[in-house]
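Take a walk through this structure, one stop at a time. Keep the sequence at hand as you read.

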Amino acid sequence: MPRFKPQAKRNNAITFDTWLIKAVHEHVEQSTDFNKLSQKLMGQMPKHLARTHRTITRRALLNAIDDVCFKDHKELLAKAVKTDRSPERLYELLKEQHSEGHGVLPPLWVLAWKLSEMHGRTVAPRADLADLGGVLRQPFHDAPAVELPMTSFEKPLHLLEMCPRKPKVLVISAPQVGLAFAEDIKENTTRCGFAYGRRNDYDAVILSGPLLGGINAIKTVGSSRLARDVISGIEIKIASLAEYYREEAAEKLKPSVFEPVFVTAEEILNEAMRGFFKVTNRPDGEPDRKKTPYEFPGPVFVILNQLDLEFVQTMAYFEILPKMFKRLREAMDEVSLANTVKKEAMKHLAQMRRTGTRREIKAAEARLNTAKQRLVNALKLQARIRMTNLYPRKNIAFYAKARDYLIQLIEKHIPNAKVIGQNGVYTRFGTDADITKFVSAKNANVHRRECEDFGKEQRQGHLPALTVSMHSGAIKMRKVSRENYLLGKPNKTVSFVEAPILVDKNALLKAMDGISPNLPVVKAVNDSRFCAGALSINYDSRFDIPDAEPVSDIAILKAGIQVKGYTPPRRIWMLHQSDIHSGGANQVWVYDADGMPWTLEAAAMHMMKWYVRTHKVAPVHMSLIEDDLTQGNHFGTHLRPHHLRITNAKVLQRVRERFAEIKNVTDQKVQLEMSRKVITFLCEQIRVRPSDHLGTQFEEFADDILWPNREVYGGIIRRAHHSGVVVRGIAEILGTEGDSRSLGIINFGSGNHATATAKETLYEGPNFRQLLQASFRYDQRYEKIYHDHLIQSPVFQDSSIGYGHLQADGGYTWGLHVCGTPPMRKNWYDLVEGWIDIERRRGNPSGILDGMSVLNFCGDKHFFSFSVAGSDYYLMSPSGTHTDAYAYKAGGLPENTPGVAFCGVPVGGPSDGDVIAKHLPQSVIQRYLLSGENFPWDEFLPNAI
């Protein structure tokens, strides 16, 4: 059998990409444009490549030029764009710095291309201009009719019906495309928002208005217009103007010419919509793992905002206005004509009276009377058109057609877009039964209004699981929970969330340069509490509350700019409990499969035990109980008997009766069930008649929370140790021998109930800290990893206040500020807003929180609440109690939101991801305790370090 000799390696076996880069390197400096360079390279292409590459695509050539000319100038380019350097000035700068071996000096024409590409890489289509006469008119006459669905709680709009998994939705609120934006389109926040949705596998985007910004829908008059113009990012291209005006506009757009350029409303709107096309469509040929031409390939559901609709009203008005003036001119001409006819008739009558017959005179008089009546009618018509109102229904027809036109533009320029509502819409996603209400409003008080309207919707049974409020002036992201009671018991905890807006703060502030137009978005970005971003919603029925969490603009830009897929940050997870009120009559109890009651916090920690026994560590790295571990008696609880308490005599009587019945039953199963009911009845009565004695309540907490869950506390210590999580208290940071304000891995706060009961002579936290410290101090299993400073009980004089630093695995250092109660409460719909205002004015009282993002935690108010303000985060823990009569005395508060909370912070700091807060409500704890199933901690608290 013949043997085949291996072929010698061919010198021309070079890849196309390698050859092209080499060829560009040799010839780009001698070329003057793309066509000449391409032709030159085609003539020099090796034969073996010419067989498969009959042409050099523009994208391939651009990539090669990018690699050859700009590999060493990326930072310089970015700064050049931000300082608005021209290609000529940048060429001179590069020429000064260029030296042999420093790469290829980009020719002037290449620099011009690159700077243009950084401003906008996607070429958006230009519309054929109708160029209507009149002021601010738009060609909406032929827009196809659109019927938006009417939704309600009973008839929500069902979206993502075919979604095969638990839906994940990204909410982009008030992007206001057309406002000032980053010079490099890669850093455009709206574009990055859609890219974030693609790279994190979201199933849909909810896009809420106002969609457009930087558009002055008013006549070009008044100095106030100039203040609004400073924040406009709309750049009219010559090709986007009417052809007859392009030459004049090109001349006037030169920097040395100080003449106004006249643009029509149609041209401005088209340019703004082209902006949406640019930020939602990917550049041709750019690789992406999903092989999609769009920044986000899934459906985009659009909700029009009131400001969008006001723009529609403007379009309709300025369409009606010229028609009204045209008709008025016609009526005035008719008056003039009728007046002329009258004068002619009068002359004719005078002539007939001199020379005519009686019959001719009579005819002339009739002619004059007709002319007079014609003039009267013409004057009436003129007065009607000049002074009276227009028929409302006909006006609405103009409005409807203008709205249809805007919807047509939106769905044309945004891939897979569908306008689903205006101002608000009720929805449900996939197979999830939860109703979400999206409210897009003009009024900045929309979040407050939705929270304060809770009672009406709750009583009607129309309370959505999640209400998302959106408006153009949102300063921060915030959420609060409410308890939905039906048929006398908790039904489901619901959430109210205010979504952040996705705008470019830095670009807007730079554009304003001290000028502040009176606009909501301007007020927002000038506020020290402002934080831009989006909202992420996960629908997982296992956890009852749709998981709505903030996505900061930092995370969005990071995911949008990088080429590789976005990796979720590793997180440090903290368990938050507060207002347990051990020994209180209003503690929340849940029941296991045997009908035996557990306090809510004890049940939640019991759910962690299987995880600790399986993984040898807890699912969290830190534990905090912020406030009121015990009930105390400073409110005179012995004077306020529980409403379910019956007399001891009746309790004993019923037990005797049931016991007598049980003795007469021979069936063991029936006997067991009857006995269980008696025991449950006794447990309920024990629950509602707790001890009012503070010392006994301390024992209750130790026996209910401390000792049964020592295994969990040990698991938390192990998790922190093995994950490299370190909490440094203020004493360690300042180098003092001791500081009672220090925080640790496990923290016991102190509340006003016990402290006031003891007349300020003791605090709860230190007692339980010492007990738990003693239990671990001599436990050989923790000998190498345990130190007393891991367990703390922060106290600052007569208040529970603590400070520290949190860090993991050498990552970012977070500031910690924990207190029993917030220093100020402004209202009951945003329970930490007052605290945020306090921190704005007092700075850094501890002296250790400068230069870092701070995690602020508290309890006391019995409602879960979370806010992101500036670079700081505020979490109020839910309570372990039902609402009592205090709610009436305090002005009619809604029901407490029982449960426990969790906070997850990224190891790498704010630039690595977002701080998220989760509420585990009573309903979920009850369901898992009753079923005996293992709770999915790793899914509920994902990406734990």
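Asp-527 is buried in this predicted model. Its relative accessible area is 12%, and residues count as buried when that value is under 20%. Look for Asp-527 in the loop between α18 (520-525) and β11. Which residues does Asp-527 touch, not counting those up to four places away in sequence? They are Ile-475 and Arg-840.

The general rule is simple. An α-helix has 3.6 residues a turn, so residues three or four places apart point the same way.

Now turn to another pair of helices. Helix α1 spans residues 16-27, and helix α4 spans residues 58-69. Their axes come within 9 Å and cross at roughly 60°. The two helices are therefore oblique to each other. The crossing of α1 and α4 is right-handed. From α1, the contact takes in Phe-16, Leu-20, Ile-21, Val-24 and His-25. From α4 come Ala-60, Leu-61, Ala-64, Ile-65, Asp-67 and Val-68. How do the residues of this contact divide? Nine are nonpolar, one is polar and one is charged.

How values were computed:
Residues numbered from 1 in each chain as written. Predicted model: local features only at pLDDT ≥ 70, side-chain atom pairs only at ≥ 80, totals over all residues. Heavy atoms only, no water. Axes fitted to C-alpha atoms, helices over the stretch in contact; angles between N-to-C directions. Helix = DSSP H or I, 4+ residues; strand = E, 2+ residues; numbered from the N terminus. Parallel < 35°, antiparallel > 145°, perpendicular 65-115°, else oblique. Left-handed = near helix turned anticlockwise from the far one by under 90°. Contact = heavy atoms within 4.5 Å. Nonpolar A, V, L, I, M, F, W, Y, C, P; charged D, E, K, R; others polar. Buried < 20%, exposed > 50% of the residue type's maximum accessible area, 1.4 Å probe, protein only.
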